[in-house]
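Subject: Structure handover

Hello,

Here is the structure we discussed. Please load it before you read the notes below.

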Amino acid sequence: QAKLFLLKEFGLVSAYVDNRQLTVPQDLDWVQAMLAAAHSSSACVGSLYWSLRFHAEEGGFFEHKEAGGDIRALHWPGFTTGAPNFEIEILTSFSRLNGIFDPPTVCAPTLLPPGFEEGIVVSSPPCMRFRGTAGAAFYELW
């Protein structure tokens with residue numbers, strides 16, 4: 001009987017550039033191969049990519065940068081600002097391995113649920129802050 005394992009905190013590697021040690025993203029092909037191997041293993045119970053961060057309560061995301069490099073945390077569902085870290089490609093790989101092939105499309109109701117108005121803050125137009133939906137890449141406000 002195989003031992004179960006959890007593939008944890010992978011995706012970064014130390015490298016030397018101009019005699020300085022930096023932390024850089026792992027090669028994209030290596031990361032995708034590691035995800036596929038872990039996913040196909042009956043002994044692997046999950047995988048945790050380095051620094052996948054969530055929404056901040058005040059808007060935006062919690063940020064984290066690795067010391068000694070320009071490595072930013074990944075943010076679901078993936079944004080072009082994360083291109084140096086292969087954010088979209090890595091998060092797409094996670095999704096596809098888990099049977100999610102296209103991002104979900106959610107239509108917001110025209111009427112807000114009770115209490116939701118408290119989650120919208122308009123400080124001085126055109127600035128508006130609100131709590132969004134997990135996994136949303138953008139919003140259309142009209």
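This is a predicted model: local features need pLDDT of at least 70, side-chain atom pairs count only at pLDDT 80 or more; totals for chains, interfaces and linings use all residues.

Residues are numbered from 1 along each chain as its sequence is written, and side-chain values use heavy atoms, with hydrogens and water left out.

Fold. The chain has two helices and eight strands. Their order from the N terminus is β-β-β-α-β-β-β-α-β-β. Helices (H or I, at least four residues) and strands (E, at least two) are DSSP runs, numbered from the N terminus. Take the contacts between residues at least 6 apart in sequence: 45% of them join residues at least 24 apart. Contact means heavy atoms within 4.5 Å.

Surface. The chain exposes about 10500 Å², and carbon and sulfur atoms supply 59% of that. Areas are Shrake-Rupley values with a 1.4 Å probe; for residues, only the protein chains shown count as cover. Of the 142 residues, 23% count as buried. Buried means under 20% relative accessible area (1.4 Å probe, protein chains only).

Core. The largest nonpolar core holds 14 residues. Such a core is a set of buried Ala, Val, Leu, Ile, Met, Phe, Trp, Tyr and Cys residues joined through side-chain atoms within 4.5 Å. Phe10, Val31, Tyr49, Ile90 and Phe94 have the most contacts inside it. Strands E1 (5-10) and E4 (44-49) and helices H1 (28-40) and H2 (87-97) each give two or more residues. H1 gives the most, with four.

Tyr49. Beyond its neighbours within four places in sequence, Tyr49 touches Phe10, Gly11, Val31, Leu74, Ile90 and Phe94. Tyr49 also lines the largest cavity.

Cavity. There is one cavity of 30 Å³ or more. The largest holds about 30 Å³. A cavity is a set of points on a 1 Å grid over the protein atoms alone where a 1.4 Å probe fits but cannot get out; lining residues have an atom within 4 Å of a point. The volume is the space filled by probe spheres set on the points, which are joined across faces, edges and corners. The lining is Leu12, Pro25, Tyr49, Trp50, Ile71, Arg72, Leu74 and Asn85.

Gln26. This residue sits in the loop between strand E3 (20-25) and H1. Gln26 counts as buried because its relative accessibility is 16%. Leaving aside neighbours within four places in sequence, Gln26 contacts Gly11, Leu12, Val13, Val31 and Phe86.

Best wishes

Note on methods:
Buried means under 20% relative accessible area, exposed over 50%, partly exposed in between (1.4 Å probe, protein chains only). On a 1 Å grid over the protein atoms alone, a cavity is a set of points where a 1.4 Å probe fits but cannot get out, and a pocket is an open set with protein on both sides within 12 Å along at least five of seven lines; lining residues have an atom within 4 Å of a point.
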